[in-house]
Amino acid sequence: MTNKQVWLITGAGRGLGLYIAKAALAAGHDVVATGRNTDRVSKAIGESANLLVVKLDVACGADAESAVKTVIEHFGRIDVLVNNAASFYAGYFEELTPKQMELQLTTSLIGPMNVTRAFLPVMRNQRSGKIISISSSGGLTGFEYCTAYCASKFGLEGWMEGLQAEVEPFGIQTMTVNPGFFRTELLTEESTNYAKTTIEDYKARNAQQHEFWKAQNGKQSGDPAKLAQALITLANRTQLPRRFIAGADAIGTAEQKVALLQQQINAHRDLSSSLAYEGA
């Protein structure tokens, strides 16, 4: 293929990352599939002459630097970086421990920063590259019981928007993806960590929320294989969109947020517009 690319995908051993890796291989691209457990990644994806499996814990900056060296030695370049690795710390903010908050931010915000920071010098030297970061509807609006997760995704959103302006002069593009509910492994016991009920005022609601999120596993409306293929389609274009709202439910969430922001602007427009400094 004339437009063959080198893709690196974090968290490629399962969930959406696995679907993206398989879709990129099926499209004829070279794929660097990463994860903390390389045996698991290799087993999940299967054998391919275009596949390179690399150990990468996104929380570890040294792993990211090592991955860069391995990729460049093997393929000589990097065209598409997909920040996909994710976890989900669910619970009411008061009941989530500081350590749980830290772990959520490390995986979903600091991790993508670590990997991107490691690969940016290569992309700058190439004067090309595409960075795709998987956010969430929880990066557009806050949800009860998801304070840790939403905090990490809101942070990811701001970082990506600021980063785009910084790297665009070097021919590097970014895209933030906001999926709704997709039938991945994010809500499995391996990926979801629940806060323990420690405060009586939250006890009843905590039980209800816990059961709701557990029940969603395996019943999400979105097809991750279709989302993976959509990302391949978008990455094959000359210009990435800066944002991709993925799924009809995600579109609904985004439209509600836009309407709410407009309502909030209009509610106090006169007061807000009266705050100009009028002194000498």
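This section describes the nonpolar cores, aromatic pairs, salt bridges and selected local features of a predicted model.

The largest nonpolar core holds 30 residues, and Trp7, Ile9, Ile20, Val31, Ile45, Val82 and Ile132 touch the most other members. At least two residues of this core come from each of strands E1 (6–9), E2 (30–35), E4 (80–83), E6 (129–134) and E7 (172–179), and likewise from each of helices H1 (15–26), H2 (38–45) and H7 (224–235). Helix H1 gives the most, with 7 residues. The surroundings of Val31 illustrate the packing: neighbours within four places in sequence aside, Val31 is in contact with Trp7, Ile9, Ala21, Ala24, Leu25, Asn50, Leu51 and Leu52. Apart from this core lies another, of 28 residues, which includes Ala64, Val115, Met123 and Leu163. In soluble globular proteins, nonpolar side chains tend to be buried together.

Helix H2 is followed by Gly46, which has a positive phi near 90°.

The count of aromatic pairs comes to 3. One of them joins Tyr92 and Tyr145 in an edge-to-face arrangement, with a centre-to-centre distance of 5.1 Å and an angle of 75° between the planes. These two residues are 53 residues apart and belong to distant parts of the chain: Tyr92 is in the loop between strand E5 (88–90) and helix H4 (98–126), and Tyr145 is in the loop between E6 and helix H5 (147–167). Both Tyr92 and Tyr145 are buried. Tyr92 also pairs with Tyr202; the ring centres are 4.9 Å apart and the planes are at 20°, so this pair is stacked. This second pair again links distant parts of the chain, 110 residues apart, with Tyr202 in the loop between strand E8 (192–194) and helix H6 (203–216). Tyr202, like Tyr92, is buried. Through these ring pairs, Tyr92, Tyr145 and Tyr202 are linked into a cluster.

A search of the whole structure finds 8 salt bridges. One of them is formed by the side chains of Asp30 and Lys4, at 3.4 Å from N to O. Asp30 lies in strand E2 and Lys4 in the segment before E1, so the pair ties together parts 26 residues apart in sequence. Asp30 is buried, with a relative accessible area of 12%, whereas Lys4 is partly exposed, at 39%.

In another salt bridge, the closest N and O atoms of Arg205 and Glu144 are 3.0 Å apart. Arg205 lies in helix H6 and Glu144 in the loop between E6 and H5, so parts 61 residues apart in sequence are tied together by this pair. Arg205 is partly exposed, with a relative accessible area of 39%, and Glu144 also counts as partly exposed, at 42% relative accessibility.

The side chains of Glu161 and Arg243 meet in a salt bridge with an N to O distance of 2.9 Å. Because Glu161 lies in helix H5 and Arg243 in strand E9 (residues 243–246), the pair ties together parts that are 82 residues apart in sequence. Glu161 counts as exposed, at 52% relative accessibility, while Arg243 is partly exposed, at 30%. Glu157 joins Glu161 and Arg243 in a network of salt bridges. Glu157 is placed in helix H5 and is buried, with a relative accessible area of 6%. Beyond its neighbours within four places in sequence, Glu157 is in contact with Ser135, Ser136, Gly139, Leu140, Thr176, Asn178 and Arg243.

Helix H5 also contains Tyr149, which counts as buried at 10% relative accessibility. The C-alpha atoms of Tyr149 and Ala86 are separated by 9.7 Å, although these residues are 63 residues apart along the chain.

The structure contains 0 disulfides. For Cys150, the nearest cysteine sulfur is that of Cys146, 5.2 Å away; a disulfide would require sulfur atoms within 2.5 Å. Cys150 counts as buried, at 6% relative accessibility, whereas Cys60 counts as partly exposed, at 27%.

Key: Residues numbered from 1 in each chain as written. Predicted model: local features only at pLDDT ≥ 70, side-chain atom pairs only at ≥ 80, totals over all residues. Heavy atoms only, no water. Core = buried A, V, L, I, M, F, W, Y, C linked by side-chain atoms within 4.5 Å. Buried < 20%, exposed > 50% of the residue type's maximum accessible area, 1.4 Å probe, protein only. Helix = DSSP H or I, 4+ residues; strand = E, 2+ residues; numbered from the N terminus. Contact = heavy atoms within 4.5 Å. Phe/Tyr/Trp six-rings, centres within 6.5 Å; stacked < 30°, edge-to-face > 60°. Salt bridge = Lys/Arg side-chain N within 4 Å of Asp/Glu carboxyl O.
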